[in-house]
Amino acid sequence: MRASTRYTPPKSGRDSPGELAKAPRRRQLINGPIQHGLQLLADERRREPTAYYGPRSGVGLTLRVAGERGALRVGVVGLGVGTVAAYGRTGDHFTFYEINPLVTELAKRDFTFLRDTAATAEIIPGDARLSLDAQSPQNFDVLALDAFSGDAIPVHLLTRQAFEIYFRHLKPHGVLAVHISNSYSNLLPVVERAAIALGRPAVSVRNDDDEANGILRSTWVLITADQSFLE
């Protein structure tokens with residue numbers, strides 16, 4: 001994996017200020033053709049959630065609505081650059097599960113989401129399924145799965161048995177948010193079948209690109225027994 005700072009220059013001298021604003025300076029984590037996260041570099045913007053985790057993304061909406069009830073316990077499978085931590089507030093606790101030590105190193109060294117968050121944030125190294133299986137129930141309000149954007153999909157995280165482990169760690173009305181944006185595979189039917197097998201309703205949430213705010217198109221599936229949340 002490589003972290004790179006990229007600035008998109010104007011196409012010509014005739015570009016308007018509005019067009020220039022669509023390409024703010026940013027740092028990105030890229031592995032081959034896969035974008036794993038980005039951070040806007042302007043000091044006043046570095047705490048904004050970006051990439052697949054913007055305010056109108058499935059996980060952004062989930063954290064906002066769940067947070068209306070008070071302090072949150074949040075689990076995240078897949079650290080990326082730590083962007084989800086941008087939603088953390090004083091009193092919140094975020095637990096990230098990350099199998100790749102290089103990703104953890106880059107997120108801490110080259111990005112500031114983990115340092116800037118007001119929440120308590122911890123990183124548990126190793127395979128997330130094995131880590132969760134070994135832990136006592138964590139009573140998460142939200143558990144986000146963000147490990148499926150590459151071409152090598154960790155299928156052991158998508159089995160019915162894996163989903164049973166996830167819900168063991170969620171509160172009775174907790175939300176499982178699954179990021180299924182993938183250029184190679186359609187994961188929606190897989191996740192929907194898992195939700196049906198566990199007798200829980202699911203909805204998909206899609207958002208479009210927003211270049212000026214560093215937002216990337218994403219699709220999330222939200223699974224929960226909390227009907228009021230889905231409404």
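Predicted model: local features only at pLDDT ≥ 70, side-chain atom pairs only at ≥ 80, totals over all residues.
Trainee: Where is the place of Glu-98?

Mentor: Look at strand β5, which covers residues 93–98. Glu-98 is in that strand.

Trainee: Is Glu-98 buried or exposed?

Mentor: Glu-98 is buried.

Trainee: Which side chain of opposite charge is nearest to Glu-98?

Mentor: A salt bridge needs a side-chain nitrogen of Lys or Arg within 4 Å of a carboxyl oxygen of Asp or Glu. For Glu-98, the nearest side chain of opposite charge is Lys-108, 12 Å away. Glu-98 therefore has no salt bridge.

Trainee: What backbone nitrogen does the side chain of Glu-98 reach?

Mentor: That of Asn-100, at 2.9 Å.

Trainee: Now backbone angles. How do I read phi?

Mentor: Most residues other than glycine have a negative phi. Ala-51 has a positive value, near 55 degrees. Asn-139 also has a positive phi, near 55 degrees.

Trainee: Where does Ala-51 lie, and where is the place of Asn-139?

Mentor: Ala-51 lies in the loop between β3 (34–40) and α2 (58–67). Asn-139 is in the loop between α5 (128–134) and β7 (140–145).

Trainee: Why is Ala-51 called buried, and why is Asn-139 called partly exposed?

Mentor: Check the relative accessible area. Buried means under 20%, and partly exposed lies between that and 50%. Ala-51 is buried because its value is 0%. Asn-139 is partly exposed because its value is 42%.

Notes: Residues numbered from 1 in each chain as written. Heavy atoms only, no water. Helix = DSSP H or I, 4+ residues; strand = E, 2+ residues; numbered from the N terminus. Buried < 20%, exposed > 50% of the residue type's maximum accessible area, 1.4 Å probe, protein only. Lys, Arg positive; Asp, Glu negative; His and termini not counted. Polar contact = N/O pair within 3.5 Å; in protein donor to acceptor, adjacent residues only side chain to side chain.
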